Amino acid sequence: MATPLQTPLQTHSTMTSEALVAVIFLPLLGACAAVMPGRFPARLGIVAGLLPLPGLLVAVTLAVWHDGPAWLELGGWAAPLGIRLFVDPLAVLMLWMVAIIGGIAAAHAWFDFPPGTGTGQKFWPLWLLLISAMNALFLSADLFNLYVCLELVTLTAIPLIALAGSKTAIRASMRYLLLALLASLLYLLGVALLYNATGTLDLYLVSDGLGAAPPMVVTTALALISLGLLLKGAVFPLHIWLPQAHASAPGPVSAVLSALVVKTAIYLLYRLWLWSVPATVAAEGALTLLAVLGAGALLYGGVLALLQERLKLVIAYSTVAQLGYLLLILPMASSSAWPIAWQGGTYQLLSHGLAKAAMFLAAANILHGLGSDRLSDLQRLDQRQPLSLFALAMAGVSIMGLPPSGGFLAKWLLLEATWRSGQWWLLAVLVAGSLLAAAYVFRILAATLRRDDPTEARPAAETRSIPAAQTACALLLALLALAAGFAAAPLLEFIEAGTPGTWSSP
Amino acid sequence: MNPTAVIYVLTAAAIFGIGLYGLLVSRQILRQLLTINLMGGGIFLLLITLGGGAEGPPDPVPQAMVLTGIVIAVSATAFALALLLRWQELSGSSEVDGDAVTDAVTDALDDDE
């Protein structure tokens, strides 16, 4: 494995730099506008904060595509002291996910939380701040700055859960908050030790100082940071807060939590172990341990998803399971199959995000329409909400990893990588995970198609109608999850260009 | 590391440890919140000590980090207290009870409004 980037490659043109800064600042300014009373400032804030993101990202993507990864030194302060933004294909991909999933989920939320009125007054500033915080997190290259971003993400995501207002939601928020605060402290303690040992807070300069640092301190620091991130990323067995929190949140919030918020921690784990600590220095054991946790998540989450009686809880446990795939790739970092494993892992990040957001939005529509998301109440859903069911099923195809979805491609690449690198235990875990996913998705579908006992079914009059646009939001995300399987070639090429450990050598 | 720094580091470790112990044994949310703040205090003390510099002026970076950290700790605590008040209004209890792992399942079943 080549050494990671140690000197700044280049700084892009001013226009790209401004686009990068705008990606963080527009939602932030939008949040300020949304705090103001009245409908107009709220609507203006939402539209101005979210709508320009894809356009800005096109500019950033093209720049990264043509010129490679780049730095932006904020305020002109250079690396050891200043805070840098760093953009590479992985960061670009994450930003796109935030823009697309955040945008579509926002369109869905527009109906339940009308801007500028009632709960909408509280919802939108938090939502825009969350988007801004995630964008900042994906771009920041400074370990302490990342701590601030992680806290911002947590402190905006949890109130959004609490907005659901139910006892379960408040209780889940409370538990999530306490564990998240503990996680942040562990992370902060690790960063303090790492700074003391290496003399830098820059993610991409830490590796320079590792040689001279006392190994005990470095090991402790890395362990603490990883533990904090695993807790925030709800990686098995530290996932206990996730299912309740994700299942009790309002629909669009669940979508963003499962598709994006937990991924922020996984993203940082990637950055830490694949960029800051080159695979040659990092103990092979640590990467294997992380993969074992991933395997545990995949199996345990899959089994628990099978046991749930409520649709949203099935989907939430499925998130616990699907996050496992993202850690499974780590032990292959030093093998020749690494580029394929990396493509598979990153593609899983993308396709799971799209599919899971689609599932949660569809589940929100179903819950709204039927007044219940118990699997036993879902019978004859194909007649009552055919389009929501269709979205759920299509997203399910991607979660299971059936062709031609994005999930299929991700899992196929992962299988190929494990095959080539000879990691047979990973291969077995992958297959078992996919079988479990198929079982819980089919269990949902079977429940929706049941027709027995007409007296037990709720009368049709109880079904509330859903705005067509909300159904469309779920459908659109599900279609994107499916389309990810078709339009993959340029995307995979882009991802491959950013494989950690390769792009430092031109 | 000079002897004074050793005392500070040990104190920081003790504060962090007391906080962690308290977090693990206490059942009340308010206590858990206080213990988390205590752990934070330990970390801040450690940061300041490590940045103290045996000779020459102290390193400003850890001081900036501690300042930011305190701001975050205050806002997180404020939010947690607000959430706690809401929880007490709804449940009349100041504990989040039950076994976390099995809760998600049973909870969802009880709380069927």
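In this predicted model, chain B has a mean pLDDT of 80, with 78% of its residues reaching 70 or more. Where pLDDT is low, the predicted coordinates should not be read in detail. Chain A averages a pLDDT of 87, and 93% of its residues score at least 70. Residues 1–9 of chain A fall below 50, and this stretch has 26 contacts in the model beyond near neighbours in sequence. For the complex, the predictor gives an ipTM of 0.85 and a pTM of 0.91.

Chain B contains four helices and zero strands, so that its elements, read from the N terminus on, run α-α-α-α. Of its 113 residues, 29% count as buried. Among the contacts in chain B with a separation of 6 or more, 52% are accounted for by residues 24 or more positions apart.The contact between the two chains takes 34 residues from chain B and 29 residues from chain A. On the side of chain B that touches chain A, helix H2 (29–50), helix H3 (60–91) and helix H4 (100–110) each supply at least two residues. The largest share, 14 residues, comes from H3(B). By class, this side of chain B comprises 23 nonpolar, six polar and five charged residues.

Within chain A, two helix pairs were examined. In one of them, the axes of helix H14 (residues 338–370) and helix H19 (residues 468–483) come within 8 Å and cross at roughly 155°. Because of this angle, H14(A) is roughly antiparallel to H19(A). The crossing of H14(A) past H19(A) is left-handed. On the H14(A) side the contact involves Ser351(A), Leu354(A), Ala355(A), Ala357(A), Ala358(A), Leu361(A), Ala362(A) and Asn365(A). These meet Gln470(A), Thr471(A), Cys473(A), Ala474(A), Leu477(A), Ala478(A), Leu480(A) and Ala481(A) in H19(A). The residues of this contact divide into twelve nonpolar, four polar and no charged.

Helix H19 of chain A also holds Leu479(A). Leu479(A) has 16 C-beta neighbours inside 10 Å and therefore counts as partly exposed. Between Leu479(A) and Arg271(A) there are 208 residues of separation in sequence and 30 Å in space, taken from C-alpha to C-alpha.

In the other pair, helix H13 (residues 311–328) of chain A packs with helix H18 (residues 424–449) of chain A at an angle of about 165°, and the axes lie 11 Å apart. This angle makes H13(A) roughly antiparallel to H18(A), and H13(A) passes H18(A) in a left-handed crossing. From H13(A), the contact draws on Leu311(A), Val314(A), Ser318(A), Ala321(A), Gly324(A) and Leu328(A). From H18(A), the partners are Leu426(A), Val429(A), Gly433(A), Leu436(A), Ala437(A), Tyr440(A) and Ile444(A). By class, the contact of H13(A) with H18(A) consists of ten nonpolar, three polar and no charged residues.

How values were computed:
Residues are numbered from 1 along each chain as its sequence is written. Chains are lettered from A and ligands numbered from 1 in the order in which they are written. This is a predicted model: local features need pLDDT of at least 70, side-chain atom pairs count only at pLDDT 80 or more; totals for chains, interfaces and linings use all residues. pLDDT is the predictor's confidence in each residue, from 0 to 100. Two residues are in contact if their C-beta atoms, placed from the backbone, lie within 7 Å. Axes are lines fitted to C-alpha atoms, for helices over the stretch in contact, and angles run from 0 to 180 degrees between N-to-C directions. Angles under 35 degrees count as roughly parallel, over 145 as roughly antiparallel, 65 to 115 as roughly perpendicular and the rest as oblique. A crossing is left-handed if the near helix is turned anticlockwise from the far one by less than a right angle, and right-handed if clockwise. Ala, Val, Leu, Ile, Met, Phe, Trp, Tyr, Cys and Pro count as nonpolar, Asp, Glu, Lys and Arg as charged, and the others, Gly among them, as polar. A residue is buried if 20 or more other C-beta atoms lie within 10 Å of its own, exposed if 12 or fewer, and partly exposed in between; C-beta atoms are placed from the backbone.
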